[in-house]
Amino acid sequence: KITDSDLMEIKGVLDQHIAAVANGEKDLGEYEMKFHQAILKACKNPFLIEIGETVFKLFEASIRNTSKKVPDQAIEHHKLILQALIDRDKSEAEEAIYKSFEIWKDHVHDL
């Protein structure tokens, strides 16, 4: 179960990402990866974390590329995901994650 401490960590990563975009940073993939890793860590399931880390390694280049191409969309989707986690609303979280995935899917082959 996600804790308030987990939520604060996720929000902190998102705030860093927002600041990086505002400051004109070009390599935003680091923040993208940290956001997803913070959520994964919050599940506290070592098996799921290991699988998630493996998936991130497989798609890291694509995730980084997408974050460069559509940084504002990535942030907006991350805000929706975070809000769903704060609300502890499973269906809201699923919908927000699906929307985020749709954007990534549109750019996965753009390498």
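This is a predicted model: local features need pLDDT of at least 70, side-chain atom pairs count only at pLDDT 80 or more; totals for chains, interfaces and linings use all residues.

Colleague: At what angle do the axes of α2 and α3 cross?
Modeller: Helix α2 covers residues 29–42 and helix α3 covers residues 46–69. Their axes come within 9 Å. The crossing angle is roughly 160°.

Colleague: Is α2 roughly parallel or antiparallel to α3?
Modeller: The axes cross at roughly 160°. Angles over 145 degrees count as roughly antiparallel. So α2 is, relative to α3, roughly antiparallel.

Colleague: Is the crossing of α2 and α3 left-handed or right-handed, and which residues make the contact?
Modeller: The crossing of α2 and α3 is right-handed. From α3, the contact takes Leu48, Ile49, Gly52, Glu53, Phe56, Glu60, Ile63, Arg64 and Ser67. From α2, it takes Gly29, Glu30, Glu32, Met33, His36, Gln37, Leu40 and Lys41.

Colleague: Which residues touch the most other members of the largest nonpolar core?
Modeller: This core has 13 residues. The elements giving two or more residues to it are α1 (4–22), α2 and α4 (71–87). The residues that touch the most other members are Ile2, Ile10, Phe35 and Leu85.

Colleague: Which residues does Phe35 contact, leaving aside neighbours within four places in sequence?
Modeller: Phe35 lies in helix α2. Its relative accessible area is 1%, so Phe35 is buried. Its contacts beyond four places in sequence are Ile10, Val13, Leu14, His78 and Ile81.

Colleague: Is α2 roughly parallel or antiparallel to α4?
Modeller: Their axes are 12 Å apart and the packing angle is about 15°. Angles under 35 degrees count as roughly parallel. So α2 and α4 are roughly parallel.

Colleague: Is the crossing of α2 and α4 left-handed or right-handed?
Modeller: On the α2 side, the contact uses Glu32, Phe35, His36 and Ile39. On the α4 side, it uses Ala74, His78, Ile81 and Leu85. By class, there are five nonpolar, two polar and one charged residues. The crossing of α2 and α4 is left-handed.

Colleague: Is α1 roughly parallel or antiparallel to α2?
Modeller: The axes of α1 and α2 come within 9 Å. They cross at roughly 175°. So α1 is, relative to α2, roughly antiparallel.

Colleague: How do the residues of the contact of α1 with α2 divide by class?
Modeller: α1 brings Asp6, Glu9, Ile10, Val13, Leu14, Gln16, His17 and Ala20. α2 brings Tyr31, Glu32, Lys34, Phe35, Ala38, Ile39, Lys41 and Ala42. They divide into nine nonpolar, two polar and five charged.

Colleague: Is Glu32 buried or exposed?
Modeller: Glu32 sits in helix α2. Not counting residues up to four places away in sequence, Glu32 touches His17, Ile63, Ser67, Ala74 and His78. Its relative accessible area is 7%, and under 20% counts as buried. So Glu32 is buried.

Colleague: How far apart in space are Phe35 and Lys90?
Modeller: In sequence, Phe35 and Lys90 are 55 residues apart. Taken C-alpha to C-alpha, their separation in space is 18 Å.

How values were computed: Residues are numbered from 1 along each chain as its sequence is written. Side-chain values use heavy atoms; hydrogens and water are left out. Axes are lines fitted to C-alpha atoms, for helices over the stretch in contact, and angles run from 0 to 180 degrees between N-to-C directions. Helices (H or I, at least four residues) and strands (E, at least two) are DSSP runs, numbered from the N terminus. Angles under 35 degrees count as roughly parallel, over 145 as roughly antiparallel, 65 to 115 as roughly perpendicular and the rest as oblique. A crossing is left-handed if the near helix is turned anticlockwise from the far one by less than a right angle, and right-handed if clockwise. Contact means heavy atoms within 4.5 Å. A nonpolar core is a set of buried Ala, Val, Leu, Ile, Met, Phe, Trp, Tyr and Cys residues joined through side-chain atoms within 4.5 Å. Buried means under 20% relative accessible area, exposed over 50%, partly exposed in between (1.4 Å probe, protein chains only). Ala, Val, Leu, Ile, Met, Phe, Trp, Tyr, Cys and Pro count as nonpolar, Asp, Glu, Lys and Arg as charged, and the others, Gly among them, as polar.
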